[in-house]
Amino acid sequence: MGAGKSTIGKKVAALSGRPFVDVDREIERRHGAVAELFERGEAEFRRIEEELAAEVLASSTPAVIAFGGGAVLSERTRELLLTAAFTLWVDVDVADAWNRVRDTGRPLARDADQFRRLLDERRPLYEAVSAGLVESADDVLLAGLEIEVGRGLLAKLADRLGESLDAVAVIGDEHVLDIHPLGFEPSAVHSVPRGEAAKTPAVLDRLWNELRLDRHGTIVGYGGGSTTDLAGLTAATYLRGLRWIAVPTTLLGQVDAAIGGKTAIDLSAGKNLVGAFHYPARVIADPNVLATLSEAQRREGLAEVVKTGLLAGRPLWELEDEAMIRACAAFKAAVCLGDPFDRGRRAILNLGHTFAHALETAAGYHGLSHGDAVALGLVAALRLSGRSTAAVENVLAPKPVRLDRERAWAALQRDKKAQRGELRLVLLGGEGPTVETLPAGEVRAALDQLIAD
């Protein structure tokens with residue numbers, strides 16, 4: 001008690017679009033004040049708490065649930081927390097927790113020494129049911145998709161994989177493998193081309209034929225967003241699906257591409273047209289590796305940072321790298337947790353991308369970087385939203401690109417968000433992002449402004 005579970009839980013629920021259940025508040029709603037229930041005896045309160053825990057954990061609707069500190073005293077509840085939920089322990093200094101709950105009338109918060117003994121007694125139970133320790137909403141969101149961000153993680157990669165290396169195959173960007181050697185010997189290393197050149201049916205076919213893993217094996221995607229896209233799709237399809245781990249080595253990969261389970265390759269007709277949802281078992285992001293990025297590669301990632309900042313309503317691009325990556329990854333994790341298979345709100349993550357993918361396709365995936373395409377796409381989306389483009393202009397300074405207008409328009413009309421022939425775009429309104437249908441003429445005009453004469 002006093003850890004801040006309710007405050008954090010409400011924020012996580014709001015960000016992920018899931019309902020929030022505070023077990024203590026629900027008990028009070030149904031049975032009266034907790035203090036009054038305790039007067040009848042703690043055993044009666046624990047019986048009610050156990051029954052309600054079983055009820056909320058049996059719900060088919062994913063929710064964010066805050067349990068009272070004593071809920072773990074029930075063996076039945078502990079079993080459910082381990083098998084029917086993803087459980088995290090909100091860690092707090094005991095003195096801080098005591099200061100929050102003293103003089104609040106809580107029945108088990110009337111004596112500081114007793115309060116401390118309660119935590120000492122329950123600590124082993126918290127440890128037994130929890131997947132990890134958290135202190136903030138962002139911590140919860142990152143943990144929910146098993147995303148780990150921290151300097152020095154790459155140097156400890158073998159330890160962090162937690163696997164028998166005989167059962168690990170690495171699919172790695174040929175350039176990254178040269179400048180950032182793995183430091184351990186997996187069962188096999190499969191080198192693939194840099195960038196979008198890796199995301200082709202031919203490369204995917206080669207990997208299928210080279211792999212020698214059994215169904216207990218793990219694939220590690222080691223490189224930028226294109227590499228993790230390819231590795232994830234390989235894992236999704238080989239032997240009908242293998243576990244995989246994403247180790248993104250670019251800013252683009254760490255803030256966006258390696259998160260959320262979308263895996264794909266490109267076709268000549270469009271970007272990411274063949275793919276699958278296959279969430280990585282873990283994402284390991286080390287900001288130290290970004291020191292070797294070129295300015296152009298960093299701009300690629302910054303385009304996604306600006307996009308995320310616009311969606312979140314915060315200038316995330318102004319943060320130091322580790323904090324920036326954590327904030328962007330947590331925002332995307334929240335959206336994906338609320339819409340894991342892109343059937344609703346997750347579409348907002350495509351702000352600017354409808355235009356960007358059309359430009360990339362028209363350019364034949366050559367001569368126009370993904371970051372520059374996204375920057376231009378953001379400009380178009382903001383113009384159609386009636387919003388200022390200053391943030392994009394100041395941070396990314398995009399310039400119109402020279403390419404075939406008709407090819408770009410044809411590619412845009414094939415966008416995956418189109419429904420029954422109508423173009424649907426992510427726009428940024430006063431209340432936040434929305435997905436709207438706009439007249440083709442307005443969209444075509446916005447696209448044309450991105451293309452140099």
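Me: How many bridges join strand β9 to β12?

Reply: In this predicted model, strand β9 covers residues 243–248 and runs parallel to β12. One of the contacts between these strands pairs Ile245 with Arg282 of β12.

Me: Which residue in β12 is the bridge partner of Val149?

Reply: Strand β5, residues 147–149, is joined to β12, residues 282–285, by three bridges, and these two strands run parallel. Within this pairing, Glu148 has Ile284 as its bridge partner in β12. For Val149, the bridge partner in β12 is Ala285.

Me: Which strands are the edge strands of the open sheet of six strands?

Reply: The order of this open sheet is β5-β12-β9-β8-β6-β7, with parallel pairing.

Me: What angle does the direction of helix α11 make with that of β7?

Reply: Neighbouring strands of the sheet are turned by 15° against each other on average, with direction ignored. Helix α11, residues 201–210, packs on this sheet, where α11 touches both β6 (168–173) and β7. When the direction of α11 is set against that of β7, the angle is about 170°.

How values were computed. Residues are numbered from 1 along each chain as its sequence is written. This is a predicted model: local features need pLDDT of at least 70, side-chain atom pairs count only at pLDDT 80 or more; totals for chains, interfaces and linings use all residues. Side-chain values use heavy atoms; hydrogens and water are left out. Two strands pair if DSSP finds at least two bridges between them. Helices (H or I, at least four residues) and strands (E, at least two) are DSSP runs, numbered from the N terminus. Axes are lines fitted to C-alpha atoms, for helices over the stretch in contact, and angles run from 0 to 180 degrees between N-to-C directions. Contact means heavy atoms within 4.5 Å.
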